[in-house]
Amino acid sequence: MLDKDALGTLNWLVEAGADEAIGEVPVNRLVAAPPPQAAAAPKAIAAEAAPMVAMAKSQAAGDTVTNAQTLANAATSLAELKAALEGFDGGALKRSATSTVFADGTPEGRVMFIGEAPGRDEDRSGKPFVGRAGQLLDKMLASIGLDRKANAYITNVINWRPPDNRDPSPEEAAMCLPFLRRHIELANPGVIILLGAVAARHVMGISEGIMKSRGRWMEYRVGACMVPIMPTLHPAYLLRQPAHKKLAWRDLQALAIRMETLGLPEPVSRSN
Ligand code: URA
């Protein structure tokens, strides 16, 4: 290109608004596609960035758990804890749910049941165990003289319904656990029953199957006290495997005996 032509082209570009050089090396964009190495470059960058992205995600998850701990530990009553949970930024899990499902029943009876996570009916009503599994749970409670309206207290590990009732992820459980631990402290149960493998895993760190751990008494530390705690079969599982109800019945009888020894449920005086 002659100098005269080059100057003319430059003037034309400046008039068109292209008045700044953005790279050291000129690129002729009228010439075919970039060579394969250049096309591979974004992937290489993505691969390099992957650990950073993972680190940022785990930091965000860590921040969420720290935030949950701070909020939960600041609560001095069950009502405050419920309000803290409702105000907490529970991320995608909370946004996908209709309700924050906190608890139902009578903590004063000091017999506490912990399930897995709300399902569709619980998400609609805002209360744990109100669907078919909940109706079976109510019958199980009644068989040993318990009733959520009078002396039994019920909650879940997870406070928001996982979409499509999928299993809660480890991150979701980690986010809810500070609230559950504080929940147990504030409810002050004399005995705790874990409903199903998910509750057994997250509350007691039990990784073996529920068929092995069910019916076994353990201890859960609350401050300076040790609270008896036992995993049993989840009512939803019993709906699918009714033949295993006899195992749950054995666990309920063991609970009834333990309650008698401990003087539970505690009599609840109601003014209303
Ligand atoms: N299953 C649970 O674990 N919790 C509920 O609240 C309902 C069903």
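Which element gives the largest share of the lining of the largest pocket?

First, the basis. This is a predicted model, where local features need pLDDT of at least 70, side-chain atom pairs count only at pLDDT 80 or more, and totals for chains, interfaces and linings use all residues. Residues are numbered from 1 along each chain as its sequence is written, and side-chain values use heavy atoms, with hydrogens and water left out.

Start with the ligand. Around it are Gly-115, Glu-116, Ala-117, Glu-122, Pro-128, Phe-129, Asn-156 and His-234, where a residue is near the ligand if one of its heavy atoms lies within 4 Å of it. By class this shell has 3 nonpolar, 3 polar and 2 charged residues. Here Ala, Val, Leu, Ile, Met, Phe, Trp, Tyr, Cys and Pro count as nonpolar, Asp, Glu, Lys and Arg as charged, and the others, Gly among them, as polar.

Now the polar contacts, meaning pairs of N or O atoms within 3.5 Å. A nitrogen atom of the ligand lies 3.0 Å from a backbone N or O atom of Ala-117. Asn-156 has a polar side-chain atom 2.8 Å from a nitrogen atom of the ligand. For Phe-129, a polar backbone atom is 2.9 Å from an oxygen atom of the ligand. On its own the ligand has 230 Å² of accessible area, and the protein covers 91% of that; the areas come from the Shrake-Rupley method with a 1.4 Å probe.

Phe-129 has another feature: its phi is positive, about 50°, although it is not a glycine. It sits in the loop between H5 and H6. Helices (H or I, at least four residues) and strands (E, at least two) are DSSP runs, numbered from the N terminus.

Next, the pocket. The ligand takes up the space of the largest pocket, in the sense that more than half of its atoms lie within 2 Å of the grid points. On a 1 Å grid over the protein atoms alone, a pocket is an open set with protein on both sides within 12 Å along at least five of seven lines, a cavity is a set of points where a 1.4 Å probe fits but cannot get out, and lining residues have an atom within 4 Å of a point.

The largest pocket holds about 740 Å³ of space, a volume being the space filled by probe spheres set on the points, which are joined across faces, edges and corners. Its lining has 28 residues, and Glu-116, Ala-133, His-234, Ala-236 and Arg-240 lie nearest its centre. Two or more lining residues come from each of H5 (120-125), H6 (132-143), H8 (197-204) and H10 (235-240). To return to the opening, H10 gives the largest share, 4 residues. The lining divides into 14 nonpolar, 6 polar and 8 charged residues.

Then the cavities. The whole structure has 2 of 30 Å³ or more. The largest cavity has a volume of about 40 Å³, and its lining includes Asn-156, the residue with the side-chain contact to the ligand. Helix H7 supplies the largest share of that lining, 4 residues. There are 7 nonpolar, 4 polar and no charged residues in it.

The second largest cavity holds about 30 Å³. Its lining is Phe-113, Ile-193, Met-230, Thr-232, Asp-251, Leu-252 and Leu-255, with H11 giving the largest share, 3 residues.

One last item: the peptide bond from Leu-264 to Pro-265 is cis, with omega near -5°. Pro-265 lies in the segment after H11.

Definitions and conventions:
A polar contact is a pair of N or O atoms within 3.5 Å; within protein, one must be able to donate a hydrogen and the other to accept it, and residues adjacent in sequence count only if both atoms are side-chain atoms.
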